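Please study the sequence and the model displayed here, and then work through the exercises in order. Each task is followed by its solution.

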Amino acid sequence: DIGRAEIYIRLPGDDGERSNQVFETLLAQRAAIEARFGGELDWQPLPQRAGSRICVEIPGGWRLPEEEWPAFQGQL
């Protein structure tokens with residue numbers, strides 16, 4: 001199992017053009033963003049949709065023993 005933290009970029013009322021511009025602006029700063037984040041992120045432009053996604057997957061998930069949830073949530 002995995003957990004995922006993500007940001008989905010889609011501006012209200014947008015057909016995808018403005019949302020894509022926001023994604024491209026962030027993508028141009030990828031190195032700085034990932035350095036600040038502390039690791040590599042998965043940048044997904046999603047051309048078939050009106051939005052884009054930036055995410056990271058963390059091993060673990062809801063099937064972890066309950067005592068491991070706080071550490072897992074801290075990673076997310």
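Is Leu-46 buried or exposed?

Solution. This is a predicted model, in which local features need pLDDT of at least 70, side-chain atom pairs count only at pLDDT 80 or more, and totals for chains, interfaces and linings use all residues. Residues are numbered from 1 along each chain as its sequence is written, and side-chain values use heavy atoms, with hydrogens and water left out. Buried means under 20% relative accessible area, exposed over 50%, and partly exposed in between (1.4 Å probe, protein chains only). Leu-46 has a relative accessible area of 11%, so Leu-46 is buried.

**Exercise 2.** Locate Leu-46 and describe its backbone.

Solution. Leu-46 lies in the loop between strand 2 (42-44) and strand 3 (52-59). Here strands (E, at least two residues) and helices (H or I, at least four) are DSSP runs, numbered from the N terminus. Although Leu-46 is not a glycine, its phi is positive, at about 50 degrees.

**Exercise 3.** State the order of helices and strands in the protein chain.

Solution. The protein chain contains three helices and three strands. Along the sequence they follow the pattern β-α-α-β-β-α.

**Exercise 4.** Compare the protein chain with a compact globule of 76 residues.

Solution. The radius of gyration is taken over C-alpha atoms, and the globule rule is 2.2 Å times the number of residues to the power 0.38. Such a globule would have a value near 11 Å, whereas the protein chain has 15 Å. The C-alpha trace spans about 45 × 25 × 15 Å along its principal axes. Of the 76 residues in the protein chain, 28% are buried.
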